[in-house]
Amino acid sequence: MKQTVLFFFIFSFLMSENSCRQKARQRQSDQKLQVAIEYKSIYESYRNSPADSVRKKIESFLLKHPNNYSGRSFYAWFLFVVGEVDSSILEYKKSIVLLPQKAEGYAGAGAVYNTLNQNDSAENYLLLAIALRDSSPYTFLNLSMLYMKKNEPIKSFAFADSCLIKGDSLASICAGLSFVYQKQNEKAKSALFYNRAVHLGLKDTASFNKVLSGEMKIEDYYRKNFD
């Protein structure tokens, strides 16, 4: 009899413990879902809301969830778009600390360094992103542009080829390649990719022609048209 009572006591205890663990996991799952929904709402509001409003929302979100990788990366990108490049780099570096195995933070920091013509830093971060198997065509485009500036055409063209493989259907990528080839005196290829970009729906061709002529920085064009 005592053994039976002891068995049921242990059984009840184990069932209770299991139930508590299941409830804890469910609470964690629900909390993660709510955080994801909140972030998604902020991200989707970007195109239709004033920049000040978006800033308040994402900064408030990060005060509550400082270790949210997606929110931190979005904030870094947002800061770049509004022209706060030093702060953007700082936020990308924070995202790297959060998840050092993910490529996006390195790629973002490298891209911003590239716009500042801090070539050594840009190269370091962009190559780290590639080493972490970054598949974004923009990372390869940034490396192609970087080696264009460093007057290393073989590397520039090699990364341009990789960029094309990964993003040949994107107007923004074809436009970037047109710029890369134009700056390296490959006029025919530049024209080819310019026409392809237009066919794919390139925005504001008048401004992009200013990029090709040197009247506008390419990063300013991208901020305006591909944010």
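At 25% relative accessibility, Trp77 counts as partly exposed, because that class lies between buried (under 20% relative accessible area) and exposed (over 50%), with a 1.4 Å probe and protein chains only. The model is predicted, so local features need pLDDT of at least 70 and side-chain atom pairs count only at pLDDT 80 or more, while totals for chains, interfaces and linings use all residues. Residues are numbered from 1 along each chain as its sequence is written, and side-chain values use heavy atoms, with hydrogens and water left out.

**Aromatic rings**

- A search of the whole structure finds 18 aromatic pairs. Rings of Phe, Tyr and Trp (its six-membered ring) pair if their centres lie within 6.5 Å; planes under 30 degrees apart are stacked, over 60 edge-to-face, and the rest tilted.
- Tyr46 and Phe74 make an edge-to-face pair, with 6.3 Å centre to centre and 85 degrees between the planes.
- Tyr46 lies in the loop between α1 (2–45) and α2 (51–64), and Phe74 in helix α3 (residues 69–81), so this pair ties together parts 28 residues apart in sequence. Helices here are DSSP runs (H or I, at least four residues), as strands are (E, at least two), numbered from the N terminus.
- Both Tyr46 and Phe74 are buried. For Phe74, the relative accessibility is 4%.
- Phe74 also pairs with Trp77. That pair is tilted, at 5.7 Å centre to centre and 45 degrees between the planes.
- Phe74 and Trp77 are about one helical turn apart, because they sit three residues apart in helix α3. An α-helix has 3.6 residues a turn, so residues three or four places apart point the same way.
- One aromatic cluster is formed by Tyr39, Tyr43, Tyr46, Phe61, Phe74, Trp77 and Phe78.
- The charged end of Arg223 sits over the ring of Phe80, 4.3 Å from its centre. The rule for this asks for NZ of Lys or CZ of Arg within 6 Å of the ring centre and within 35 degrees of the ring normal.

**The largest pocket**

- The largest pocket holds about 1300 Å³ of space. Its lining has 39 residues, and the closest to its centre are Trp77, Phe80, Ala111, Tyr138 and Asn142.
- Elements giving two or more residues to this lining are α1, α3, α5 (104–115), α7 and α12.
- On a 1 Å grid over the protein atoms alone, a pocket is an open set of points with protein on both sides within 12 Å along at least five of seven lines; a cavity is a set where a 1.4 Å probe fits but cannot get out, and lining residues have an atom within 4 Å of a point.
- Grid points are joined across faces, edges and corners, and a volume is the space filled by probe spheres set on the points.

**Helix α9**

- Helix α9 (residues 171–183) has 13 residues. From first C-alpha to last, α9 reaches 18 Å, close to the 18 Å expected at 1.5 Å a residue. The expected span is 1.5 Å times one less than the number of residues.
- α9 is mostly covered, with 12 of its 13 residues buried. Among them are Ala171, Gly176, Phe179 and Tyr181.
- The buried residues of α9 pack against α7 (137–149), α8 (153–167), α10 (187–199), α11 (205–213) and α12 (218–225). Contact means heavy atoms within 4.5 Å.
- Ser144, in helix α7, is buried with a relative accessible area of 0%. Leaving aside neighbours within four places in sequence, Ser144 is in contact with Ser156, Phe159, Ala160 and Val180.
- Asn195 belongs to helix α10 and is partly exposed at 49% relative accessibility. Asn195 and Ser178 are 17 residues apart in sequence and 8.9 Å apart in space, C-alpha to C-alpha.

**Positive phi angles**

- Most residues other than glycine have a negative phi, and most peptide bonds are trans.
- Just after α9, Asn185 has a positive phi of about 65 degrees.
- Arg133 is not a glycine, yet has a positive phi of about 65 degrees. Arg133 is in the loop between α6 (119–131) and α7, and is exposed at a relative accessible area of 75%.
- Asp204 has a positive phi of about 50 degrees, although not a glycine. Asp204 sits in the loop between α10 and α11 and is partly exposed at 27%.
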